[in-house]
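Below is a briefing on the packing, strand pairing and aromatic contacts of a protein chain. Please look over the model before reading the points grouped under it.

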Amino acid sequence: MEREIYATDGVMTLFNIAEEDKENYLRLREQVLKLIDGIRTSDEVAWKLVYEYTTGNYSVFDSNSEYCGNACFHNPDAEIPEIGIELLEDKRNIGIGPRSVKLLAQTYYADKPVEYFVLKVRRKNTHSRHMMEKLGCVYVGVEENDFKERIEKIEKSLGRNLPSDFKEAFLSPCDEGEDILVYKYYPEAFLDR
């Protein structure tokens, strides 16, 4: 069965997340958990949350058809969507992140123009902060954790409550006490003119 492509620029390809991505996603999650303490959910719960309970998740592949990570919209139907990206360790700091975020924004914007996208990063994540600068994002300030609101949005979109282990994973945020920096990603920064 052929994969459903969300976006491609000839170098990077964003596929709609599929069951065949599970092993790669769990490998990515393991690497991310080494960087972040506090997430207590099981692999199966994490996979279900990404694959079954949310929309706007994409697997990122490079020109060699190698899995690089996951790009997503945390709130794809919002007036101002938020973009997130996580990459495997060996795929970081080589331009994949910025290129994938730009491709994600361009594709979404072509279908549904928005004033800007939001990107968030923990203050201590210097690599992601550098990526924001490289993308031309505009820093707008610090925000409190919004994990509780995210859970409520997911439940509202599903029309039912999430299992308690999902909620527990999000309501005990790994970045408690750490500033979350907020950036705006305006169309003039990602549209090729």
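Helices (H or I, at least four residues) and strands (E, at least two) are DSSP runs, numbered from the N terminus. The model is predicted, so local features need pLDDT of at least 70 and side-chain atom pairs count only at pLDDT 80 or more, while totals for chains, interfaces and linings use all residues. Residues are numbered from 1 along each chain as its sequence is written, and side-chain values use heavy atoms, with hydrogens and water left out.

**Helix α4**

- Gly-136 follows α4 and has a positive phi, near 85°.
- Met-131, Met-132 and Leu-135 of α4 are buried; buried means under 20% relative accessible area, exposed over 50%, and partly exposed in between, with a 1.4 Å probe and protein chains only.
- These three residues cover an arc of only 105° around the axis, so they lie on the same side of α4; the arc is that of the directions from the helix axis to the C-beta atoms.
- An α-helix has 3.6 residues a turn, so residues three or four places apart point the same way.
- Glu-133 and Lys-134 are exposed, on the face of α4 turned away from its buried side.
- The buried residues of α4 pack against β5, α3, β6, β8 and α7 (187-190), where contact means heavy atoms within 4.5 Å.

**Nonpolar cores**

- A nonpolar core is a set of buried Ala, Val, Leu, Ile, Met, Phe, Trp, Tyr and Cys residues joined through side-chain atoms within 4.5 Å.
- The largest core has 28 residues, of which Ile-83, Phe-117 and Tyr-185 touch the most other members.
- At least two residues of this core come from each of β3 (57-61), β4 (67-73), β5 (82-87), α3 (96-111), β6 (117-122), α4 (126-135) and β8 (180-185).
- The most is given by α3, with six residues.
- A second, separate core has seven residues, including Phe-15, Leu-26, Leu-28 and Phe-61.
- Residues up to four places away in sequence aside, Tyr-185 touches Val-101, Lys-102, Ala-105, Tyr-116, Phe-117, Leu-119, Leu-135, Cys-137 and Phe-190.
- In soluble globular proteins, nonpolar side chains tend to be buried together.

**Strands around β4**

- Seven of the seven residues of β4 are buried.
- On one side, β4 pairs with β3 in the antiparallel sense over five bridges; two strands pair if DSSP finds at least two bridges between them.
- Phe-61 has Tyr-67 in β4 as its bridge partner.
- Five residues lie between the strands in the hairpin of β3 and β4, where Ser-65 takes a positive phi near 60°.
- The pairing of β4 with β5 is also antiparallel, over five bridges, and Asn-70 stands opposite Glu-86 in β5.

**Cysteines**

- Cys-68 is buried at 0% relative accessible area, and Cys-72 is buried at 8%.
- The structure holds zero disulfides, a disulfide being a pair of cysteine sulfur atoms within 2.5 Å.

**Aromatic pairs**

- Rings of Phe, Tyr and Trp (its six-membered ring) pair if their centres lie within 6.5 Å; planes under 30 degrees apart count as stacked, over 60 as edge-to-face and the rest as tilted.
- The structure holds 12 aromatic pairs.
- Phe-15 and Phe-61 form an edge-to-face pair, because their ring centres are 5.3 Å apart and their planes stand at 85°.
- Phe-15 lies in strand β2 (residues 13-16) and Phe-61 in strand β3, so this pair ties together parts that are 46 residues apart in sequence.
- Phe-15 is buried at 15% relative accessible area, and Phe-61 is buried at 11%.
- The pair of Tyr-139 and Tyr-183 is also edge-to-face, because the centres are 5.6 Å apart and the planes are at 65°.
- Tyr-139 is in strand β7 (residues 138-143) and Tyr-183 in strand β8, so the pair ties together parts 44 residues apart in sequence.
- Tyr-139 is partly exposed at 42% relative accessible area, whereas Tyr-183 is buried at 7%.
- Ring pairs link Tyr-6, Tyr-58, Phe-73, Tyr-108, Tyr-109, Phe-117, Tyr-185 and Phe-190 into a cluster.

**Arg-99**

- Arg-99 is in helix α3 and is partly exposed, with a relative accessible area of 37%.
- Its contacts, neighbours within four places in sequence aside, are Asp-9, Val-11 and Met-12.
- Arg-99 and Asp-9 are 90 residues apart in sequence, with 9.1 Å between their C-alpha atoms.
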